[in-house]
Amino acid sequence: MTDLDDKARAILRLNDKGGYTLPTHGLYPYQWNWDSAFAAWGFATFDNPRAWDELDTLMASQWPSGMVPHIIFHKVDPGYFPGPDVWGTGQTPPTSGITQPPVAATMARLVWEMDPDAGRDRLAALYPKLLAWHRWWHEVRCTHGPAAIVHPWESGRDNCPDWDIGMAGVDGSSVGPYTRRDTGHVDPDMRPTKEDYDRYITIVEFGRNCGWDDKTIVDEGPFLMSDPGTTFVLLRAHRDLAVLGQALGHDVSQIEEWAAALRSALPQIWNPALGAYDARNLRTGAFANVLGSGAFLAYLAGAGNTELDTQLMRVWDAVSYGIPSADPEAPSFHSRKYWRGPSWPFLNALLAIGFTENGRADLAERLRAETEMMLQKHGFWEYFDPLDAAPCGGADFTWTAAIWLTWAR
Ligand code: 9WN
């Protein structure tokens with residue numbers, strides 16, 4: 001065991017609030033949806049029951065509709081904005097009103113495979129909840145074909161250039177006064193702009209004002225875009241959920257139908273002009289015309305192709321440390337500004353799983369080695385500059401520690 005192994009375990013313990021894990025102290029003082037799924041994977045390397053606890057705590061806040069919220073506000077902390085009062089969802093414990101990429105079934109499968117006997121009962125209890133979440137995605141958010149998001153935060157890739165055309169249609173000018181907290185924790189230059197936040201909060205206010213009614217938000221909300229990243233995470237997760245269901249002796253034909261429908265919708269998010277999968281504004285039909293890391297999650301879902309391979313190698317060869325979150329040759333690229341270019345270790349881990357399964361162990365190893373270099377140099381930061389590995393965002397970050405223990409070491 002190395003020093004970094006010890007440090008990574010210590011970070012998971014440090015961020016453990018008892019049944020759920022914070023992404024990092026200060027900047028993100030609550031439980032986040034997809035962060036928790038990665039935390040579970042990390043815990044499974046040294047504390048299997050704790051891994052299942054993490055997934056249980058996440059799914060315990062599932063809404064009756066099947067939606068699983070992106071933040072669970074277990075204990076109110078004034079250090080994060082927007083807090084539970086702004087969301088006004090009326091849940092106990094309070095939650096946000098939007099979701100995040102459904103990576104939980106994929107992580108549950110990884111956790112379960114690490115100790116199938118010990119995890120069987122835990123998996124059996126979790127399975128119906130995961131199934132209900134996937135049904136919600138199919139029935140509520142895949143009505144246009146690919147998975148649609150109603151807020152950039154739902155993509156988990158908040159301010160990536162993919163959303164610029166959708167955000168341009170959101171009028172943030174009448175949002176009430178508010179105080180951001182994120183820019184007090186990290187360099188404001190690395191975070192989304194004030195104009196971004198005005199629009200983020202405007203979309204939240206729309207949801208709150210309609211009582212978080214799914215149909216109203218999808219039909220009339222200020223923002224609705226197809227997200228390649230979420231589509232591929234969901235497509236992959238359908239496959240993993242079906243494997244788990246079969247192991248438990250369930251009929252999984254419905255999950256297979258959802259997956260087939262989603263796969264047949266992929267041409268809708270293929271942009272021939274870009275030579276890649278692309279986000280699409282569902283209010284206008286327009287493509288974003290920007291290449292982002294969401295497109296490369298296609299490999300995770302077995303949906304890569306040679307044209308995408310060309311784009312992947314172009315953007316990857318333009319940097320030195322991992323796959324950039326946005327195209328380094330595009331004018332919108334910024335190597336340290338949140339999702340507009342930096343390299344995110346947890347996303348590299350997902351991409352590497354895809355490469356390995358697509359017969360490209362060489363690419364997976366290159367990505368692992370580049371990610372390891374960033375962590376060896378600086379430790380477990382939220383994200384890194386892909387040009388020089390400068391550490392960015394929050395320190396002692398849960399999912400970065402988790403992917404060290406599971407993949408990058
Ligand atoms: C909003 C916690 C989360 C991640 C997201 C990341 C960032 C939140 C924020 O932090 O989003 O959800 O306030 O910036 O973009 O992927 O889950 O780590």
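This is a predicted model: local features need pLDDT of at least 70, side-chain atom pairs count only at pLDDT 80 or more; totals for chains, interfaces and linings use all residues.
**View 1. The packing of helix α17 against helix α18.** Two packed helices are described by the angle between their axes and the distance between the axes. Here helix α17, which covers residues 361–378, and helix α18, which covers residues 398–408, pack at an angle of about 140°, and their axes lie 11 Å apart. Because of that angle, α17 is oblique to α18.

**View 2. The residues that meet between α17 and α18.** From α17, the residues Arg368, Thr371, Glu372 and Leu375 meet Trp404, Trp407 and Ala408 of α18. Sorted by class, this contact of α17 with α18 is made up of four nonpolar residues, one polar residue and two charged residues.

**View 3. Arg181 in the loop between α8 and α9.** The loop that holds Arg181 lies between α8 (164–167) and α9 (182–185). Arg181 counts as partly exposed because it has 17 C-beta neighbours inside 10 Å. Leaving aside residues up to four places away in sequence, Arg181 touches Gly79, Tyr80 and Phe81. Although Arg181 and Gly79 are 102 residues apart in sequence, their C-alpha atoms are 5.9 Å apart in space.

**View 4. The shell of residues around the ligand.** Around the ligand stand Pro23, Tyr28, Trp32, Trp34, Asp35, His70, Trp153, Gly156, Asp158 and Asp182. When the residues of this shell are divided by class, five are nonpolar, two are polar and three are charged.

Notes. Residues are numbered from 1 along each chain as its sequence is written. A residue is near a molecule or strand if its C-beta atom, placed from the backbone, lies within 6 Å of it. Ala, Val, Leu, Ile, Met, Phe, Trp, Tyr, Cys and Pro count as nonpolar, Asp, Glu, Lys and Arg as charged, and the others, Gly among them, as polar. Axes are lines fitted to C-alpha atoms, for helices over the stretch in contact, and angles run from 0 to 180 degrees between N-to-C directions. Helices (H or I, at least four residues) and strands (E, at least two) are DSSP runs, numbered from the N terminus. Angles under 35 degrees count as roughly parallel, over 145 as roughly antiparallel, 65 to 115 as roughly perpendicular and the rest as oblique. Two residues are in contact if their C-beta atoms, placed from the backbone, lie within 7 Å. A residue is buried if 20 or more other C-beta atoms lie within 10 Å of its own, exposed if 12 or fewer, and partly exposed in between; C-beta atoms are placed from the backbone.
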